[in-house]
Amino acid sequence: MSDLLPALAQPPEQESKKLRISALIVMAGTAMSRVLGFVRNAVVSYYFGGAGKVDVLNAVFTIPNNLRKLVAEGALSSAFIPVLSSSIVDNKSTLRSKALVETLLTFQFVLLVPFLVLSVIFSQQIVQSILGFSEASQKELAGQLFAYMINYVLLVSISAILMAVLNSHNNFGVSALAPLMFSISVVVCLVLFAEKLSVYAQVIGVLFGGILQLAVQIPSVLKLGYRLRLNFSFFKNDDFKAVLRLWGPVLITSAVFSINEMIAIYFASALSPGSTTAMQNALVFWQLPFGIFSASISTILFPRMSRQIANDDTRELKKTVDYGVSMLIYLLVPSTVALMAWGEGLISVALQRGAFTYVHSQMAADVLFAYASGLLFSGLVGFFQRFFYANKSNKAPLIAAILILASDVIASIIFIQLGFGVKGLAYANTIAGFLGLIVLFFYVRRRLNGINIRSLLKSLLLAGLSCVPMVVIALFAKDWLDTIWRQGSTWHGLWILAALLLASMVSVLALYLVTGVKVVDLLRRRGKKNEEQIKN
């Protein structure tokens, strides 16, 4: 692979084919999920606009969504996957892993059911303490929506355990399909019931979507030999105790990030009408490249790093980390520039119809521009976090999380006082992410006995140069494009946006080819010559 950047590390030969296939599956599934997310937001915007009840709806859903990160896909999975991977490596019959899954599922029920009962009973008090709405009608609606949607936490928590099981067995297809079921459910329920039930239509979609996410994974998990039954032998199971030991510190770290997000929602809900919805709409578009590239790469490489650490294979671990960082740089830098250049068009074409006006589009576009500036920082922070969790080490992620929280809150207050509004919260997030990345980078460098900084800087330079055509077009065509974006969701605007995105992608890939970086070859190699260089 002589035309590939020499410093770009590749994963070991024996698993590289599976890795490429898994990457494509997860990225394709994530891309489809994000597209459906656009459709979901477009339907919500059509029916409810960009302020009012939809502000409450978006703010309330962030509560169970953040809890999901603590007791499901985030903190618990980060503690669960390394232990499960180790049990699979050590015990090929999977008897240990089966017992671990049963006890963990039981633990979820014991932990969450009483919590959910109390959350429903005290729903009004909870939302009034963590959301900044001032109007009585908004407070009342928030409490009612919360009492229903909080139950999504139990469904997604069980689903996350099943997803972790499948990923640990290198089965990424079904788990990539599960989120699609959620988005489809929400969209269908909105179309069928929005006019009659208003924002409660999304409540039905969320809960039914949680059930579908769970149901679609059960057959594959059962096929692996696991049984979804209760097992109360918590503290007789050494692997379960190992998960708890890891989960505690990870939970603290994830809680810091969740608190950070809830503080941002609190600030946004206390700002001008539409601020909360503008933030959520911007994040939907920001999460497209983040989910397809960053989350997918971390999802695929996390079990791999866990296995390499379990096998004490430091040499291949360093290659995996180099591979992941290189992938993120070459994919997220162009994504950042694309969101900055074409963000207003994306939001206008996708959402500006019905009750959603140009004012709403402009507000969301300003927030998206600010969030996009920190896309690479967030991607690398997430990947480095997974690296430490695979190492069963939580000190560095916790220190970084506390720094991110403190700096984000301080910067948010400063930007609000300076009159930046909701986009100031996004800029604060970018600054905080950069500071957290610096901390994690130095910890990773020390753990791996060095990282080739010169190579990383060269990668950043090449990725930046690939974006020059996008920047030039955006600057010279700004006035013309502003006129088109003001028209909102039109076929004319859609075709222009599609042409701009296609031209951007082609120009980036062309410059990657010229400068010796074949992004396609990061996932697929060709020829015997390529295989020999990877082996060497």
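User: Is Tyr152 buried or exposed?
Analyst: This is a predicted model, where local features need pLDDT of at least 70, side-chain atom pairs count only at pLDDT 80 or more, and totals for chains, interfaces and linings use all residues. Residues are numbered from 1 along each chain as its sequence is written, and side-chain values use heavy atoms, without hydrogens and water. Buried means under 20% relative accessible area, exposed over 50%, partly exposed in between (1.4 Å probe, protein chains only). Tyr152 has a relative accessible area of 4%, so it is buried.

User: How are the rings of Tyr152 and Phe182 arranged?
Analyst: Rings of Phe, Tyr and Trp (its six-membered ring) pair if their centres lie within 6.5 Å; planes under 30 degrees apart count as stacked, over 60 as edge-to-face and the rest as tilted. Here the centres are 5.3 Å apart and the planes at 40 degrees, so the pair is tilted.

User: How many of the 16 residues of α14 are buried?
Analyst: Helices here are DSSP runs (H or I, at least four residues), numbered from the N terminus. Helix α14 covers residues 375-390. The rest of the structure largely encloses α14, because the number of buried residues is 15.

Terms used. Axes fitted to C-alpha atoms, helices over the stretch in contact; angles between N-to-C directions. Helix = DSSP H or I, 4+ residues; strand = E, 2+ residues; numbered from the N terminus.
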